[in-house]
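Hello,

Here is the structure I promised to pass on to you. Have a look at it first, and then read my notes below.

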Amino acid sequence: MSQQKVLMMIVTVFAWLWMPVGNTEEMSPMDLEAGTLLLKMQAGFTTATRMNTDVTMNISGLVARVSVRQEFRNDGGDWTEGVYVFPLPDRAAVDRMRLHIGERFIEGEIREKEQARKEYERARNEGKKASLVEQERPNLFTTTVANIAPGERVVVEIEYLEDLRYDNGTFAIRFPMTLTPRYIPGAPLPDRQGSGWSPDTTRVSDASLVTPPQVAASDDHKISLTASIDAGLPLEIVASRYHPVDVSEAQGRYTVSLANDAVPMDHDFELLWRPLPSAAPRAMVFRETIAGQPHYLLMVMPPDTAQDATVTMPRELIFVVDTSGSMHGNSIAQAKQALERALDDLGAGDRFNIIEFNSTTRALYHQSVAADAANLTHARRFVQGLDANGGTEMRPALRLALDSAGTESYLRQIVFITDGSVGNEDELYAMIETRLGDARLFTVGIGSAPNSWFMRKAAELGRGTFVVISALHEVGEKMDRLFDKLGHPQVTNIDVSWPGGAVTESFPEIVPDLYRGEPVTVRSRASGAFQPGSAVRVRGDSAAGAWTTELPLDGDRDHSGVAALWARARIAALHDEERRGADSAVTRKAIVDTAISHHLVSKYTSLVAVDKTPARATGDPLAREQVPNLLPYGQSMNAIFGFPATATNAAVLQRRGLVLLLAALLLLGAGTRRRSVNRARLA
């Protein structure tokens, strides 16, 4: 082959190498910029901007007010603008922000999102210190801080309200510390909004805002945390699931702090406490009145009689398990153990199937089969062989589970085991709503930093419940609790009736089915005060028949934060309406009005704080740095970013590698031929 022909072949293969690849809907997109960022992450991501976090929780009754102080420190020689994407609880109502500069602070103001960004950018360009807090997802936010001087420390303090979770006699609050890298499906768009490793795509239009850089280890990203619990009840247990803590008690108030001074932000923190059995609540109600309108947060436990009944009809259980790259390491071990526990729980009259998914979806059986000894043995071998790699193409697996033909007279339950590391949550929610039918969907969140918003919302729309497993030792406890709920009848057709004399707006508007040990939790606003002695009535159908309970509304004092929690629930309901096709202009206005009146960050509103005095001369350069997050504990950078895994363009990289190998072989062949010709001439 002549040298000219070899060169022509090389030009041809290199042209094919960078041609657009078809079927981009089936891969996670990466463009040149994203690839450069990923290489930087693999090599060791460094920035001049350092960050640590201090958290203070004040818990009273059913409500917690949490302060998160983010310290940005500029160790470089240039002025910087720091950007940090971070998780918060998915039901957090973010209502305050302060920008601390030395001994003084600037209070943040709520604005429509576009206006807030304009104010921030104007201040940044004028050399003024400024901070902006924006919501990317209900559980994912971005803090941006402008004009941090060399050697300077600037603190952004964010506060939010959250109502507690109560399950099987135990209260709990969870603080997320980092995020699992999200899988981003769809074809890349030409423009990008943020500086994440993924471009925006046709299916996740804001992907560049929710894919911050991540590092496997860092001397920064340390956290200190203190919690104060005023439960109003004597407590039997106060404990942390995943972090050593110190606990003290004085006059009925409990103080909890991390036992270590500086803890890496690579594993969610969960605090739980349990009242003494005789003091366990049957009902709680809290009120806050604003502008003459009372807001209520109520919790009522379902009847005890429902706890003694068991399901008499056989079940058809479809287990869906995530085996993508983000599940590598501890997470896949937890998932496999959870599946084995689930198989052990099946009864002789049940049917089952297992669906696994990563870049592709496969089912163990064509349709569900009897839970007999032979099928269960086969299934256990299948589970033992599961491995974590590939992307998180969740949509085909979810569709397969929802669309599988059900078995008549069987109670159909779908158990979804995943870390929820996807960016197209709304697309998946819509699928659940339209395809659920008579089935019930239960979610099992896996890993040290699962996507809690996806876990809770998917279960809510699936009329099921959810559990989070973040350590191998708790698989048995939490799966047993979940199967206890699956195996007992739920309280259905729940109706919450408020007394007459005032119009109420309550959320959720339709109370979902209840399961063993879970309460009815409702957030309401009334148009005016109720008459003295009024009570709210909760009714439903339990295994023992009709059930009714009443809860008096007379309260002796207001409880701060109840109104903001109602507003957060209303905003979430409006987003659901928007996803279902409601007029976007109407829902946007309603969200903005609610968020501004309650001073809340939302999809359409942000908090902005601006100093009045310029600090940086407008001619001095300003560097922009995105502070990386720590990779969640137990996960692997190689499994997620280095090989075919979540958030990688594996198909493209593999094809290009093969082409480069081919080009090298062609050059080698041409060189060998030239050497042979030269030797022949010399001979």
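What follows is a short tour of a helix pair and a sheet.

Please keep in mind that this is a predicted model.

Let's begin with the helices. Helix H4 covers residues 330-345 and helix H9 covers residues 475-486; the two pack at an angle of about 45°, and their axes lie 10 Å apart. H4 and H9 are therefore oblique to each other. Their crossing is right-handed.

Which residues of H4 and H9 meet? On the H4 side they are Gln334, Gln337, Ala338, Arg341, Ala342 and Asp345, and on the H9 side Val475, Gly476, Met479, Asp480 and Phe483. Sorted by class, this contact of H4 with H9 has five nonpolar, three polar and three charged residues.

Now to the sheet. It is open and has four strands in the order S19-S20-S30-S29, with antiparallel pairing. In general, strands of a sheet pair through backbone hydrogen bonds, either parallel or antiparallel.

Which strands stand at the edges? They are S19 (283-290) and S29 (504-507); each has a single partner strand, so one side of each is left without a neighbour in the sheet. From one strand to the next, the twist averages 15°.

If you zoom in on S29, you will find four bridges joining it to strand S30 (residues 520-526), and these two strands run antiparallel. Within this part of the sheet, Ser506 stands opposite Ser524 in S30.

Enjoy exploring, and do write back with any questions.

Best wishes

How values were computed: Residues numbered from 1 in each chain as written. Predicted model: local features only at pLDDT ≥ 70, side-chain atom pairs only at ≥ 80, totals over all residues. Heavy atoms only, no water. Axes fitted to C-alpha atoms, helices over the stretch in contact; angles between N-to-C directions. Parallel < 35°, antiparallel > 145°, perpendicular 65-115°, else oblique. Left-handed = near helix turned anticlockwise from the far one by under 90°. Contact = heavy atoms within 4.5 Å. Nonpolar A, V, L, I, M, F, W, Y, C, P; charged D, E, K, R; others polar. Pairing = 2+ DSSP bridges.
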